Amino acid sequence: MDIKTVATTPFSDQKPGTSGLRKKVPVFQQPHYLENFVQSIFDSLQGYAGQTLVLGGDGRYFNREAIQIILKIAAASGFGRVLVGKDGIFSTPAVSCVIRKTAAFGGIILSASHNPAGPHEDFGIKYNIGNGGPAPEKVTEAIYARTKTIDHYQILDGPDADLGKLGTFELGPLTVEVIDPLADYIELMESLFDFGRIRDLLAGGEFRLCMDSMHAVTGPYARALFEDRLGAPAGTVRGGVPLEDFGGGHPDPNLVYAHELVEILFGEDAPDFGAASDGDGDRNMILGRHFFVTPSDSLAVLAANAKLVPGYQAGLAGVARSMPTSQAADRVAAQLGIDCYETPTGWKFFGNLLDAGKATLCGEESFGTGSGHIREKDGLWAVLFWLNILAVRRQSVEQILREHWQIYGRNYYSRHDYEAVDSTQAQALIEHLHTQMPHLAGKAFGSYEVEYSDDFAYTDPVDGGVSKNQGIRVGFTDGSRVVFRLSGTGTQGATLRVYLESFEPNIAKHNQDPQQALAGLIAIAEELAQIRKFTGRDKPTVIT
Ligand code: VG1
Ligand code: CO
């Protein structure tokens, strides 16, 4: 098979966002579009000749075609071996696991996460480095710079590879190994959690679990874990067959998009525990019977109970959360006497902290939780962590949360998203906030007084890298916060995210509806940002 060199011209829109490059499928289907980006990734790397690349995706529409193209470019570029999931399937956490286990040079993950899939929906591509985690900003910036100057790519001229059966074959100069996408990941989970104890809980018949894989990538993983290994009855996993269009749904595990699961957990005869994961398997939502656990609280509970879980029995080195995530985890860290790091949004910022052993658990308010076991957030890991805690404590999810709030106080939390708003108007809104920022400190809004206001900047404590403009924070003297940022994962217009948090130490006030508890801050957010005026919307698209 020959390697051919193809002349091309740059596309101006290949800047990776919070988590790789995400575009509508027809954008990716333009001639040379994917090829340019993949060649730009490889051109930005050094020292990969003869090395191993891990490759797979969440199975969404265009996954199979993209994998074939990437294999052929990898063959032409001098990689020695590609480990590809059978049928091109890999969850994001499983890719991270396999990169680490096989000491691969890096990996490519094909996914647009929770965004809908199909011929007119979203597709995405992301490069992960040798620690198994998302490429840090200096790598994504180098990739972007290359996309702006690229004038050719190299690709193997040959037939498509058969990825339907396990085994090894040669693709030109490249060795391709088609591997089971489940095995290494499940083995890792077995090494962290007390499967015997969780099996006692699930197989006893008294405790009922409902897991919704939302027709996305975790289906086979969840069935193998919960139904085959942990003894939960068949049917425990809903939406367990991955579909190219995710069944027409929106595999975003939150109260709005995972409403079928929410109806089950809030219905009559509800099971004890419910969980959902997203398109590529890195997010999770945790529900108890008639009870929703915010992702920020979930991180805090996992931190407070980590010693109940075999993999974390030795205790935590530290915890880390993204800036907009609530400060519930900070309170646990303070009691444990460990550090709590505050990073910009996006899992790539946790990588250095995990590599340096400064943090053990990490979390984001966007339904992401994870640990040093890999370098991505991990949906099913979070579910197993919760099950392990439940199997030891033998209390309901609600009891666990209520006790948690009694000890640490409750951080009321909510995020309001305004999706697909006009980009120019969204920028104008942010500018409007910027102009107010220097004058806000000391200003009173009803009973709230502004303590500080800034645009969050982060200095990585490990490599000293600085990331600016990561979200506008307005902090009040009572510890409440309002944060504004624009999403870096959308594919249509702009998405404004408004993050709201207040702290309530009084147990007698732990029973409020978060939207009520946060009503004062919601009004302040509107007053500061003039959301209605700039977006033309009178309410958020999604409230989580
Ligand atoms: C969103 C979330 C962020 C998360 C990112 C990728 O980014 O807010 O916390 O890390 O998605 O998650 P943004 O820029 O749209 O706010 V995933 O599951 O889509 O890889
Ligand atoms: Co995801």
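Reply: Start with a definition: two strands pair if DSSP finds at least two bridges between them. Strands (E, at least two residues) and helices (H or I, at least four) are DSSP runs, numbered from the N terminus. This is a predicted model, where local features need pLDDT of at least 70, side-chain atom pairs count only at pLDDT 80 or more, and totals for chains, interfaces and linings use all residues. Residues are numbered from 1 along each chain as its sequence is written, while chains are lettered from A and ligands numbered from 1 in the order in which they are written.

Me: How do you know that β5 pairs with strand β6?

Reply: Four bridges join β5 to β6 (residues 122–128), and the two run antiparallel. The definition asks for at least two, so they pair. Here G107 stands opposite N128 in β6.

Me: What joins strand β3 to β5?

Reply: Five bridges join β3 (residues 52–57) to β5, and these strands run parallel. G56 stands opposite I109 in β5.

Me: Why is β5 called largely enclosed?

Reply: Five of its five residues (106–110) are buried, so the rest of the structure largely encloses β5. G106, I108 and L110 point one way, G107 and I109 the other, and all are buried.

Me: What makes H215 buried?

Reply: A residue is buried if 20 or more other C-beta atoms lie within 10 Å of its own, exposed if 12 or fewer, and partly exposed in between; C-beta atoms are placed from the backbone. H215 has 23, so H215 is buried. H215 sits in the loop between β10 (209–212) and α8 (218–229).
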